[in-house]
Each structure stands twice: as C-alpha cells, then as structure tokens.
Amino acid sequence: MKVSTAIRRFFLYDIVRGLTITIRHLFKKPVTLQYPDERWEMAERFRGFLGLTRDFQTGEENCIGCLNCEKACPVDCITIVTAGKGREMYAREFYIDYMRCMYCGLCVESCPTTPKSIVHTNQYETTGYFRDDLVYEKERLYDIWEKESNFNGPRPWGKLFGLRNMENEKRPAEPEAEAAAPAE
Ligand code: SF4
Ligand code: SF4
C-alpha cells in the first residue's frame, strides 16, 4: 500500500470530504420543488390548458358559439354543439380533446369576443388514467379558467347594476324573422 493511501485512510479523508459536500448543500437553496404542493412559475406567454372564460360581473359565458375556434383548429380537436339563433346562439356543448391538442393557440387567436372566450392558462398537468379523461367537456373547461383567475362567482355589483343587460340593450335589434324570410 502506498504511503499516501495509508495516510488518507488513517484520517478518513474520503468520508470527511463526502460529508463536507453534504453539509455544504444543507445550507444551499434547494433546486427541487415539492410537487404537487409547489409548482413552477410559468412564463407569461406559456400556453397551457385551454379554459373557457366568463363575464366577471355577471358570471355569464363569454362564448357566443361562433365556431371560429373549431374551424381554426388544425388538428380538429375542438367539437362544439351550438343552440339558439342569431345573438341568442351559444355553445351548448364544448369539447377539447387534449390527446390531439398541440397548444398552438390558433383557437385563441381566432376567437372574436372581447375578452377572449377561450384562453390558454398556466395549467399543464396533461395526464389521465384513461383516454376519455383527456377529452374535456364544457364544465371542466370553465373550471380550468375559474381556478386560474380565482373566479368565485359573479361580482355583486354586476348583478346589482345589471351590467350585461345594459350591454345587451346597446346592441342593435335583431331583424324580424318575417322580414328575413324569402317572399313566397
Ligand atoms: S391550441 Fe391549437 S391544437 Fe389546441 S385546440 Fe387550440 S387550435 Fe386546436
Ligand atoms: S370560444 Fe370564441 S371562437 Fe370558439 S365558439 Fe366561443 S366565441 Fe367562437
């Protein structure tokens, strides 16, 4: 055995060196996160799960069922079933298949409402035990946005002053059904 090796062993050099490194890391800021209690802060432009938005004052759905997002989606992962006609139209059913979504944001870009009825959120846990779990229906899409924006129901002053009703009153009236019908 070499003399240097004998000295190292005698003074437990390797053990002391290893413990020094361990002790040094005890006082450093950890780089790991205690997921799921802690989460990464995502960049401002991060495109996570899509959520459907509501009017903050009244709690009404912003979506007008125009189908623009469904048409704009390059992978056909949005399915909308509309109900009502003209300005009464709305999305009765709204599905997004997250197994196909590539988070391109084209649906958000094409949404004509202000504020946008469909938005990207910072949520990113795209996992599930079954394939069907990743087809999100309307209620879950609203839940995603509500969780993100801490929406706990309509603001009281919105109901009080009927802001949405005031907005509707400002809109031009629908043309009469008889007038729109072709002459016999
Ligand atoms: S982000 Fe892109 S792929 Fe996903 S639903 Fe919207 S348009 Fe479709
Ligand atoms: S989310 Fe926007 S683009 Fe899609 S149907 Fe609703 S209003 Fe139209």
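Visitor: What makes the largest nonpolar core a core, and which of its residues touch the most other members?
Guide: The largest nonpolar core has 19 residues, and those touching the most other members are Leu 50, Leu 52, Cys 69, Ile 78, Cys 107, Ile 118 and Leu 141. Two or more core residues come from each of strand 1 (50–52), strand 2 (78–83), strand 3 (90–97), strand 4 (118–120) and helix 5 (138–149). The set is called a nonpolar core because its members are buried Ala, Val, Leu, Ile, Met, Phe, Trp, Tyr and Cys residues joined through C-beta atoms within 7 Å. Buried means that 20 or more other C-beta atoms lie within 10 Å of a residue's own, exposed means 12 or fewer, and partly exposed is in between, with C-beta atoms placed from the backbone.
Guide: This is a predicted model, in which local features need pLDDT of at least 70, side-chain atom pairs count only at pLDDT 80 or more, and totals for chains, interfaces and linings use all residues. Residues are numbered from 1 along each chain as its sequence is written, while chains are lettered from A and ligands numbered from 1 in the order in which they are written.

Visitor: What is Ile 118 in contact with, leaving aside its neighbours within four places in sequence?
Guide: Its partners are Leu 50, Leu 52, Cys 69, Cys 107, Val 108 and Cys 111. They count as contacts because two residues are in contact if their C-beta atoms, placed from the backbone, lie within 7 Å. Across the protein, 70% of the contacts with a separation of 6 or more join residues 24 or more positions apart.

Visitor: How many helices and strands does the protein have?
Guide: It has 8 helices and 5 strands, in the order α-α-β-α-β-β-α-β-β-α-α-α-α from the N terminus. They are DSSP runs numbered from the N terminus: helices are H or I over at least four residues, and strands are E over at least two.

Visitor: Why is helix 1 said to lie largely in the open?
Guide: Of the 8 residues of helix 1 (residues 3–10), 0 are buried, so this helix lies largely in the open. Helix 2 (residues 13–26) is hardly covered as well, with 0 buried among its 14 residues. Helix 2 reaches 20 Å from its first C-alpha to its last, close to the expected 20 Å; that expectation is 1.5 Å times one less than its number of residues. In the protein, buried residues make up 14% of the 184.

Visitor: Which residues are closest to ligand 1?
Guide: The closest of the 13 residues surrounding ligand 1 are Cys 73, Cys 101, Cys 104, Leu 106 and Cys 107. A residue belongs to such a shell if its C-beta atom, placed from the backbone, lies within 6 Å of the molecule. Around ligand 2 there are 14 residues, and Cys 63, Cys 66, Asn 68, Cys 69 and Cys 111 come nearest.

Visitor: How many residues of each class are in the shell around ligand 1?
Guide: There are 12 nonpolar, 1 polar and no charged residues. The shell around ligand 2 has 9 nonpolar, 5 polar and no charged ones. Cys counts as nonpolar, as do Ala, Val, Leu, Ile, Met, Phe, Trp, Tyr and Pro; Asp, Glu, Lys and Arg are charged, and the others, Gly among them, are polar.

Visitor: Why is Asp 76 called exposed?
Guide: Asp 76 has 10 other C-beta atoms within 10 Å, so it is exposed. It sits in the loop between helix 3 (68–72) and strand 2 and has a positive phi of about 55°. Asn 150 also has a positive phi, near 55°, and is exposed with 6 other C-beta atoms within 10 Å. Most residues other than glycine have a negative phi, and most peptide bonds are trans.

Visitor: What is the peptide bond from Tyr 35 to Pro 36?
Guide: That bond is cis, with omega near 5°, and Pro 36 lies in the loop between helix 2 and strand 1. The bond from Thr 114 to Pro 115 is cis too, with omega near 0°; Pro 115 is in the loop between helix 4 (106–110) and strand 4.

Visitor: What is the mean pLDDT of the protein?
Guide: The mean is 84, and 84% of the residues reach 70 or more; pLDDT is the predictor's confidence in each residue, from 0 to 100. Over residues 162–172 it stays under 50, and the model has 8 contacts beyond four places in sequence for them. Residues 177–181 are also below 50, with 1 contact beyond near neighbours in sequence. Where pLDDT is low, the predicted coordinates should not be read in detail.
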